[in-house]
Amino acid sequence: MKTEVINIKDLSDVQAAVARAHGVLKKGGLVAFPTETVYGLAANADLPQAIELLREIKERPDEKPFTLHIGNRAVLDMYVPDLSLLNRQFLRKVWPGPLTAVFMLDPSQMERIKGSLSGQRRKALFHNNSIGIRLPDDRVSQMMLSSFPSPVVAPSANRAGQAPPNNAEDVLEQLNGKIELVLNCGTTRY
């Protein structure tokens, strides 16, 4: 497989790029996308084959979880019910931005999750009653994540032991032919 690269130069390019990324994610493919710090490697958390492919490429064992990436705060309650006011205030100050928040859920929160999320979603997103969530400060990633109907998990878009990429060329150097799509927005901000 040859990795497709979509060069995004302005806002008019984003709609088509996001639609193409959604198509890849819906069928279980992987998409490299920019955040403010590194390029991430997105996988559809509802598809076990996508998670398995992501684990294979990242050489990551089952016990090491992936971070859920969200496009806006509105979906947070779906994954972390009954979030405290203090936590909400903190997240308003740091999100969007380069911070993964890890939440430990108590048994009652996990029961609520069981009632609202499928077993596959829980398996892909939670580890030992915890979940890591990130809201990147990048317009393209926010558009891709907020309009996709399934949760998206994403580690950095690099091979195990290699430096995380901060541009599309670095992604291709490590993952060309192993992933379907790269959304190229240039070098990350930080």
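Modeller: This is a predicted model. The side chains of K27 and E180 meet in a salt bridge, with N to O at 3.4 Å.

Biologist: Why is the pair of K27 and E180 called a salt bridge?

Modeller: The cut-off is 4 Å between a side-chain nitrogen of Lys or Arg and a carboxyl oxygen of Asp or Glu. The value for K27 and E180 is 3.4 Å, so the pair is within the 4 Å limit and the name applies. K27 lies in the loop between α1 and β2, and E180 in the loop between α8 and β8, so the pair ties together parts 153 residues apart in sequence.

Biologist: What makes K27 count as exposed or buried, and what about E180?

Modeller: Exposed means over 50% relative accessible area, and buried means under 20%. K27 has 53% relative accessibility, so K27 counts as exposed. E180 has 18%, so E180 counts as buried.

Biologist: What makes R112 and D82 a salt bridge?

Modeller: Their closest N and O atoms are 2.6 Å apart, and the limit is 4 Å, so the pair qualifies. R112 lies in helix α5 (residues 107-116) and D82 in the loop between α3 and α4, so the pair ties together parts 30 residues apart in sequence. R112 is partly exposed at 47%, while D82 counts as exposed at 53%.

Biologist: How many salt bridges does the count come to?

Modeller: The count comes to 10 salt bridges. One of them joins the side chains of E4 and R20, at 2.8 Å from N to O. E4 is in strand β1 and R20 in helix α1, 16 residues apart.

Biologist: K58 is buried. How do you know that K58 has no salt bridge?

Modeller: The nearest side chain of opposite charge to K58 is E59, and E59 is 9.5 Å away. A salt bridge needs 4 Å or less, so K58 has none. K58 is in helix α2, and a polar atom of the K58 side chain lies 2.9 Å from the backbone oxygen of S156. Leaving aside neighbours within four places in sequence, K58 is in contact with P155, S156, N158 and A160.

Biologist: Why is A21 called buried?

Modeller: A21 has a relative accessible area of 0%, and the cut-off is under 20%, so A21 is buried. A21 lies in helix α1 (residues 11-26). Beyond neighbours within four places in sequence, A21 is in contact with V31, M144, L181 and L183.

Biologist: How do you know that the buried residues of α8 are on the same side?

Modeller: In α8 (residues 168-175), the buried residues are A168, V171, Q174 and L175. They cover an arc of only 130 degrees around the axis, which puts them on the same side of α8. On the other side, E169 and E173 are exposed. What covers the buried residues includes β2, β3, α2 and β8.

Biologist: What makes the chain as compact as a globular protein of its length?

Modeller: The chain has eight helices and eight strands. Its radius of gyration is 16 Å, close to the 16 Å that the globule rule gives for 190 residues, so the chain is as compact as a globular protein of that length. Of the 190 residues, 50% count as buried.

Note on methods:
Residues are numbered from 1 along each chain as its sequence is written. This is a predicted model: local features need pLDDT of at least 70, side-chain atom pairs count only at pLDDT 80 or more; totals for chains, interfaces and linings use all residues. Side-chain values use heavy atoms; hydrogens and water are left out. Buried means under 20% relative accessible area, exposed over 50%, partly exposed in between (1.4 Å probe, protein chains only). Helices (H or I, at least four residues) and strands (E, at least two) are DSSP runs, numbered from the N terminus. The arc is that of the directions from the helix axis to the C-beta atoms. Contact means heavy atoms within 4.5 Å. Lys and Arg count as positive and Asp and Glu as negative; His and the chain ends are not counted. A polar contact is a pair of N or O atoms within 3.5 Å; within protein, one must be able to donate a hydrogen and the other to accept it, and residues adjacent in sequence count only if both atoms are side-chain atoms. The radius of gyration is taken over C-alpha atoms; the globule rule is 2.2 Å times the number of residues to the power 0.38.
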